[in-house]
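Colleague: Could you take me through the packing of this protein, giving the general idea for each feature before the case at hand?

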Amino acid sequence: SHVARIFASTMLRPRFWARPQLPSYRTMRWGVLNGCTEEDARALYAQLIPESGRALAEIAFNYLDPHRTSLVGRDEIDCPLLFLTGRHDRITSPVFARRNAEHFGSIARFELLQNHAHWLPSEEGWESIAGRAAHFFENEASHIAAEAKATADAPERAPARRFALPA
């Protein structure tokens with residue numbers, strides 16, 4: 001999998017979860033900044049700081065985490081959700097993102113962005129992505145919330161399942 005390729009060198013370090021981690025530029029360029037220009041990718045990488053090794057472990061190995069830190073139950077979210085995912089995202093596959101959106105049912109919307117990858121706010125065309133998100137929250141979210149409330153007043157939903165969300 002792409003995620004394994006991206007984080008393998010980090011997760012193979014002894015006790016990687018015990019200290020902050022910063023993936024190499026090469027790793028970040030291939031797996032996270034692949035939708036950015038080379039110039040932008042280098043500038044972004046220069047600004048990165050090490051990430052919590054523990055957070056990485058909790059996300060990557062959520063099934064081993066006794067506290068289920070990175071899991072979000074469907075019943076824990078009651079506001080509208082917009083999942084914007086780049087078609088070329090190597091961290092959070094579009095299939096996984098769509099499944100997450102479907103997990104939350106009628107309060108969630110999923111949109112696949114054809115010419116984008118993972119680091120959406122820094123990719124070419126980010127303005128239209130920001131505009132789409134603003135439109136969703138300014139014009140669609142209140143309608144989705146009202147529909148969800150009407151549905152909640154209807155017969156009981158299926159029991160909530162716990163599901164891992166991408167970082």
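Modeller: Contact here means heavy atoms within 4.5 Å, while helices (H or I, at least four residues) and strands (E, at least two) are DSSP runs numbered from the N terminus. This is a predicted model, in which local features need pLDDT of at least 70 and side-chain atom pairs count only at pLDDT 80 or more, whereas totals for chains, interfaces and linings use all residues. Residues are numbered from 1 along each chain as its sequence is written, and side-chain values use heavy atoms, with hydrogens and water left out.

Colleague: Against which elements do the buried residues of α6 pack?

Modeller: Buried means under 20% relative accessible area, with exposed over 50% and partly exposed in between (1.4 Å probe, protein chains only). In α6, the residues I129, F136, A141, I144 and A148 are buried, and the buried residues of this helix pack against β2 and β3.

Colleague: Where is the kink in helix α6 centred?

Modeller: The bend at a residue is the angle between axes fitted to the seven residues ending there and the seven starting there. Helix α6, residues 126-152, has a kink of about 55° centred on E140.

Colleague: How many residues does the largest nonpolar core have?

Modeller: In soluble globular proteins, nonpolar side chains tend to be buried together. A nonpolar core is a set of buried Ala, Val, Leu, Ile, Met, Phe, Trp, Tyr and Cys residues joined through side-chain atoms within 4.5 Å. The largest one has 18 residues, and those with the most contacts inside it are L81, F83, L84, F104, I107 and A108. While β2, α5, β3 and α6 each supply at least two residues of this core, its largest share, 5 residues, comes from α6. Apart from it lies another core of 15 residues, including F7, M11, C36 and Y45.

Colleague: How many aromatic pairs does the structure hold?

Modeller: Rings of Phe, Tyr and Trp (its six-membered ring) pair if their centres lie within 6.5 Å; planes under 30 degrees apart count as stacked, over 60 as edge-to-face and the rest as tilted. The structure holds 6 such pairs. The rings of Y25 and Y45 have centres 5.4 Å apart and planes at 80°, so this pair is edge-to-face. Because Y25 lies in helix α2 (residues 25-31) and Y45 in helix α3 (residues 38-47), the pair ties together parts that are 20 residues apart in sequence.

Colleague: What is the arrangement of the F83 and F104 pair, stacked or edge-to-face?

Modeller: F83 and F104 are stacked, 6.5 Å centre to centre with 25° between the planes, and both residues are buried.
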